[in-house]
Amino acid sequence: MSARDVELTEGDLLKPLLTLSVPIVLSQLMQVGYNLADTFWVGRVGEAAVSALSFSWPLVFLMISIGGGFTVAGTVLVAQNKGAGNHDRVDHVAGQTIAFVTLLSIFFSAVGYLLAPTLLPLIGTTPGTEVHNLAVAYTRTIFLGVYFMFGFFIFQALLRGWGDTRTPMFLMAFGVALNVIIDPFLILGFDANPVFGLLGLDALQSQLFAATGFTGYGVQGAAIATVFSRGLGALVGFFLLFSGRVGIQLSPRDLVLKAETVRKIVKIGAPSSVEQSTRALGVTALTAIVAFAGAKTVGVDTSAAVAAFGIGIRLNSLVFLPAIGLQQGIETVVGQNLGAEKPDRAERGVHLGAGLITGALVFVSVGAYVFAEPIFSVFIPGEPNVIAIGVDFLHIVAPTYIFLGIFRVVSGGFRGSGSTRTAMIFTLLSLWVFRIPPAYLLVAYGGMGVSGVWWAIALSSVISAVLAYAWFLRGTWKDNVVDSPRMAAAADD
């Protein structure tokens with residue numbers, strides 16, 4: 001064990017689960033910090049800029065998810081091999097994951113850059129408009145550096161499987177701090193930038209503007225800041241992996257792809273990739289439905305509806321940080337304990353996680369409901385239409401946060417066992433059966449406007465959680481050890 005990984009296969013479960021999950025929650029909070037910082041500063045540019053972010057993010061998230069889903073294979077394989085005591089195999093599967101996912105990221109970078117102008121109108125942008133042009137610029141800039149973002153995700157996934165979530169947290173903190181510092185300057189430049197006023201440096205701003213004439217890159221500046229900070233974090237992460245300072249120690253030979261290991265990565269990662277990309281597609285489809293609803297609702301324009309939905313999705317990502325942290329912590333707990341042939345302990349970890357997330361989200365739901373208006377007002381001041389739509393969103397969706405949290409935790413249990421197809425199926429049902437069709441029907445035929453989309457989101461959360469937990473109780477996932485000692489030895493022969 002390294003200095004920062006935790007013991008998950010012996011003794012009490014509560015403390016190690018929290019030790020593992022809390023840094024993940026803090027890392028995810030910083031991840032949201034990227035998005036919220038972008039939204040905050042882009043909001044100072046105008047509603048069109050915020051709408052461009054809302055249109056762009058589903059497409060960016062889709063492409064990242066397709067490749068990023070394969071990092072789950074790294075978490076599962078590292079966790080199960082560590083639990084089984086196969087430490088040589090840990091280095092091997094870690095190196096294979098890096099090589100395979102990096103190749104995928106380069107491919108998706110090229111595809112995303114080329115297809116952005118064609119795909120964005122499918123979400124709802126109108127070619128030739130300011131919103132469309134801003135969305136294309138932001139999306140293409142992100143895709144130019146998507147492999148840097150993938151590199152950081154790989155590092156997080158591998159260390160999480162090993163049981164070390166603190167090192168990625170510290171590296172994330174560095175990246176977020178850098179992003180927050182450079183964001184306002186790349187977005188707003190040296191003209192009417194409030195940062196200078198807050199620091200009492202108005203004279204310096206005038207001098208810099210006179211010397212450079214730099215008025216910022218607007219929405220594209222947010223993308224540049226994200227790519228740069230992510231890239232620097234990825235380089236530091238790979239240095240740590242090759243140096244052996246984090247328990248995993250890679251060598252160049254670990255990066256030479258082996259057919260047997262690649263097949264395992266694809267078997268585990270492909271369903272997770274479909275699951276994550278399907279979730280991204282779901283956001284994309286809902287964005288289009290929201291735009292459609294905005295056009296049909298009296299007193300609501302498309303831009304305001306989409307802007308409110310985009311902010312609402314980012315707020316949801318903040319709210320669900322405890323669920324995401326426990327979900328990813330449970331992946332490691334289940335993986336290591338199944339590798340150590342302790343399935344009952346793995347199941348106990350999932351039940352514990354479900355109880356913890358229920359207790360946490362009760363308070364979050366109440367807070368989101370009560371303070372809905374001031375919460376939205378922070379992110380887009382002076383836009384009463386957007387704020388009113390956003391308040392309606394939180395009043396309908398917030399009471400169901402507990403169910404979505406439980407769904408996340410149970411899905412983590414499925415993935416940690418290697419049952420990624422099961423997690424994929426429930427995500428497909430949640431989005432494409434219980435959420436998106438009802439949303440369209442309530443808007444197109446129910447006459448509910450954008451509120452119909454919010455009610456569909458709430459309904460799907462409840463149904464999905466109940467069905468997933470019932471399936472989990474069957475216990476069939478316990479038999480899905482993907483890299484047992486016997487299998488590992490056979491693969492090495």
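A nonpolar core is taken here as a set of buried Ala, Val, Leu, Ile, Met, Phe, Trp, Tyr and Cys residues joined through side-chain atoms within 4.5 Å. Buried means under 20% relative accessible area, exposed over 50%, and partly exposed in between (1.4 Å probe, protein chains only). The model is predicted: local features need pLDDT of at least 70, side-chain atom pairs count only at pLDDT 80 or more, and totals for chains, interfaces and linings use all residues. Residues are numbered from 1 along each chain as its sequence is written, and side-chain values use heavy atoms, without hydrogens and water.

The largest nonpolar core comprises 135 residues. Leu-241, Ile-248, Tyr-401, Val-453 and Trp-454 have the most contacts inside it. Helix 2 (residues 47-68) supplies the largest share, 12 residues. Helices (H or I, at least four residues) are DSSP runs, numbered from the N terminus.

The structure holds 16 aromatic pairs. Rings of Phe, Tyr and Trp (its six-membered ring) pair if their centres lie within 6.5 Å; planes under 30 degrees apart count as stacked, over 60 as edge-to-face and the rest as tilted. The rings of Phe-414 and Phe-426 are stacked, with centres 6.1 Å apart and planes at 5°. Phe-414 lies in helix 17 (residues 401-416) and Phe-426 in helix 18 (residues 420-432), so the pair ties together parts 12 residues apart in sequence. Phe-414 is buried, at 2% relative accessibility. Phe-426 is also buried, at 11%. Trp-471 is partly exposed, with a relative accessible area of 39%.

Definitions and conventions. Helix = DSSP H or I, 4+ residues; strand = E, 2+ residues; numbered from the N terminus.
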